[in-house]
2 protein chains.
Amino acid sequence: MVQEKSERGSSFAGGHRPRAATGARHEELRRHLLALAECVVAEEGLAALRARNLADAAGCSVGAIYNVFADLDQLVLEINANTLRAISKAMAGIKDGDPQQRLLAMADAYVLYASSHRLLWDALFNHRMPLEDPVPHWFQPVQDEAFSHIEGPLAALRPDLDGPACRLLGRSIFASVHGMVALGLDNRLAPMSLDLLRGQIGLVVGAIITGLNTARPLGAE
Amino acid sequence: MVQEKSERGSSFAGGHRPRAATGARHEELRRHLLALAECVVAEEGLAALRARNLADAAGCSVGAIYNVFADLDQLVLEINANTLRAISKAMAGIKDGDPQQRLLAMADAYVLYASSHRLLWDALFNHRMPLEDPVPHWFQPVQDEAFSHIEGPLAALRPDLDGPACRLLGRSIFASVHGMVALGLDNRLAPMSLDLLRGQIGLVVGAIITGLNTARPLGAE
C-alpha cells in the first residue's frame, strides 16, 4: 500500500476545453506520470514514490495526479504490470532447445531480470493493495501471461497432466525459483554471487525437471 | 526498518539502586517488552509496532525502551530470532522415516508454521535493517541452526556432496519451499487453499528429491 493519498482535487482538467483535447491531454499526463514514477521506483524504490515529489517532477499539481490515477496504488499497479510484461517478454524469447533446456533457460532469465531490475522487481512482490481495494480485474491476465510461458515446456515434459494441473504446477515451479531469487539476492541464504545463485537455481530446477520426468507414468511420451 | 526511534533517554534506570538489582530490573523490562512486542507483531503485524504504544502497554517511558534495546530494529531482530527458533524446533522434531520422507515432512512443517503464524513469519522475511546497521553477529547462528535440519537428510540422500555444497543446496531447497509458501499464502499464484498449497509443495519437493537421487553418481550409497 502506498502512503500519501490525502490531497486530491481536480485542478488539472480545464473546464472549457473540448472533450477530445482534454482526453488527449489527460492521456499524455498519464503516460508522463507513469514514466516518471517508473524511474523513481527503478532508481530509489517503491518507498520513494510520493505524490508531492511526483507532481513537482511532472510540473503539475498533486490533484492532477488524482485526476488521471484513482490513487498511488493504481499507479503502482501500472508500473508492476509493465514489470510483469518485461519478465514475460524475457521468458517468451526462449524458444530453442528441448523442454528441459527451455525451463532451465527461463529460470535463468528470471534471476537475471530480477538482479538487473532489482527495485522494480521488489516493488512487484512487495506492494500490497489496501484491504478494501482488491487487485483490479485487468491485472490478472497480465500475471497469467507471465506465468504461461512455463506451461508449454512443462506440458511437453508431462503430457499426462491436464490443463489445470499443468498450470498450477507451472506456477508452483515459478514460485520455487522466485524463492531462491528472493532470498538469494537478499543474501539471506549466504553471501552469494549472482553466478553462484544461478548455479544453485540450475541445480534445483534441474532436479525438479529430472524428478518430474522420472515420475511420469510409464508409456507417456 | 522500523520507524520511530527518535525519542531516546535514560528515564528508567534509577541512579541509586545497587548494580545487581538494576541489572535484574533491566532484564525484567527487556523480557516484558519483548513479550509485548511479539504479541503486537503476531496479532497486528510489524507495521503496528510503535515505541509509543509499546511504552504505554508496558507502563514505562519511551526512553526506557531505548535503555534496554538500542532501537526498535534490535527489538524486531529478537522477535525474529524467536520465530526462527520456533521454525527450527518444528523441523528438528522430524526424526522418523527415510531421508526423502523427512525432507517432505520438513517442507510441510514449514508451510504449516507459516500459515498459523502468518504475521510473525511475515516480519521475519519483510523486516530489513537500515543500511548503516547490518544484522548483528549473534543472529547468524540462529539462522544457521534453522537451515541445518535439512542438511542431515540431504547428506544421507547425496553422500557425494561435500559439507559446503550440501549446506548451500539445503538452503536453496529451503528457499524454493519458502517461495511457494510466500506466493501461495499471499494468493499470488492462484486462489489456493492451504491443503492445495501443501499438495503443490509436496509435488515439487518430491520432484527435487527424486531428481537429486537420480542425479547422484553411480556407486554412491
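Hi everyone, let's start in the middle: the largest nonpolar core has 92 residues, and A:Val181, A:Ile201, B:Val181 and B:Ile201 touch the most other members. A nonpolar core here is a set of buried Ala, Val, Leu, Ile, Met, Phe, Trp, Tyr and Cys residues joined through side-chain atoms within 4.5 Å; buried means under 20% relative accessible area with a 1.4 Å probe, protein chains only.

A quick word on the source: this is a predicted model, where local features need pLDDT of at least 70 and side-chain atom pairs count only at pLDDT 80 or more, while totals for chains, interfaces and linings use all residues. Residues are numbered from 1 along each chain, chains are lettered from A, and side-chain values use heavy atoms, without hydrogens and water.

Leaving aside residues up to four places away in sequence, A:Val181 touches several residues, among them A:Tyr110, A:Trp121 and A:Ile201 (contact is heavy atoms within 4.5 Å).

Now, how do A:Tyr110 and A:Trp121 pair? They sit edge-to-face, 6.4 Å centre to centre with 70° between the planes; rings of Phe, Tyr and Trp (its six-membered ring) pair with centres within 6.5 Å, and planes over 60 degrees apart count as edge-to-face. Both A:Tyr110 and A:Trp121 are buried. Together with A:Phe125, A:Phe147 and A:Phe174, they form one aromatic cluster.

Finally, the two chains: a rotation of 180° with 0.0 Å of shift along its axis superposes chain B on chain A, RMSD 0.0 Å, by least squares on C-alpha atoms of residues with pLDDT of at least 70 in both. That is the relation of a two-fold axis. And 100% of chain B's interface residues are also interface residues in chain A, so the copies meet through the same surface.

Definitions and conventions
Buried < 20%, exposed > 50% of the residue type's maximum accessible area, 1.4 Å probe, protein only. Phe/Tyr/Trp six-rings, centres within 6.5 Å; stacked < 30°, edge-to-face > 60°.
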